[in-house]
Amino acid sequence: MARLFISYSRADKLFIEQLVPLLKKVFPHHEIWWDDDLTGGEDWWERILSEIGDCDLFMYLLSNDSLTSEYCQNEFREALRLRKLCVPVIIRPKTDMKNAPADLSSELSRRNWVDMSGGFKDSDANAG
């Protein structure tokens, strides 16, 4: 069973709420973590770092908002530091990689990314 960590901007919450059920349908035996189950009083940053440390795959949902989010940037840096498998996923049209800081822009430019900026129209074609 693989463990997936999804990094995203709060501005993209609607996207992740649609993505996670599809991922669970396609990968029913894998654990998918995003910050929806953080509880009141929990040290949220320590939990996020722990989940990144435990994940097998780090999925970075790319939008102009996530590329400029200090939290998303730091999550990606931690995944890189831990040498996690990182998959960038473009989720919004007109996402500009130049919005990322230079160190992360360089990392992103070296990686093949998935383009889901067109939405979910074909997303469940092979889920059955």
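The largest cavity is lined by Arg3, Leu4, Phe5, Glu31, Ile32, Trp33, Glu51 and Cys55. A cavity is here a set of points on a 1 Å grid over the protein atoms alone where a 1.4 Å probe fits but cannot get out, and lining residues have an atom within 4 Å of a point. The model is predicted: local features need pLDDT of at least 70 and side-chain atom pairs pLDDT 80 or more, whereas totals for chains, interfaces and linings use all residues. Residues are numbered from 1 along each chain as its sequence is written, and side-chain values use heavy atoms, with hydrogens and water left out.

**Cavity**
- The volume of the largest cavity is about 40 Å³, a volume being the space filled by probe spheres set on grid points joined across faces, edges and corners.
- S1 and strand S2 (31-33) each supply at least two lining residues of this cavity; strands (E, at least two residues) are DSSP runs, as are helices (H or I, at least four), numbered from the N terminus.
- The cavity lining comprises 5 nonpolar, no polar and 3 charged residues, where Ala, Val, Leu, Ile, Met, Phe, Trp, Tyr, Cys and Pro count as nonpolar, Asp, Glu, Lys and Arg as charged, and the others, Gly among them, as polar.

**Nonpolar core**
- Among the 19 residues of the largest nonpolar core, Phe5, Phe58, Tyr60, Leu62, Leu67, Phe76 and Leu108 touch the most other members; such a core is a set of buried Ala, Val, Leu, Ile, Met, Phe, Trp, Tyr and Cys residues joined through side-chain atoms within 4.5 Å.
- Helix H2 (44-54), strand S3 (57-62), helix H4 (70-81), strand S4 (85-90) and helix H5 (102-109) each give two or more residues to this core.
- With 4 residues, H4 gives the most to this core.

**Aromatic pairs**
- The whole structure holds 9 aromatic pairs, counted for rings of Phe, Tyr and Trp (its six-membered ring) with centres within 6.5 Å, and classed as stacked under 30 degrees between planes, edge-to-face over 60 and tilted otherwise.
- Phe5 and Phe58 are stacked, at 5.4 Å centre to centre and 10 degrees between the planes.
- This pair joins strand S1 to strand S3 across 53 residues.
- Phe5 and Phe58 are both buried (under 20% relative accessible area with a 1.4 Å probe, protein chains only; exposed is over 50%, partly exposed in between).
- Ring pairs link Phe5, Trp33, Phe58, Tyr60 and Phe76 into a cluster.

Methods. On a 1 Å grid over the protein atoms alone, a cavity is a set of points where a 1.4 Å probe fits but cannot get out, and a pocket is an open set with protein on both sides within 12 Å along at least five of seven lines; lining residues have an atom within 4 Å of a point.
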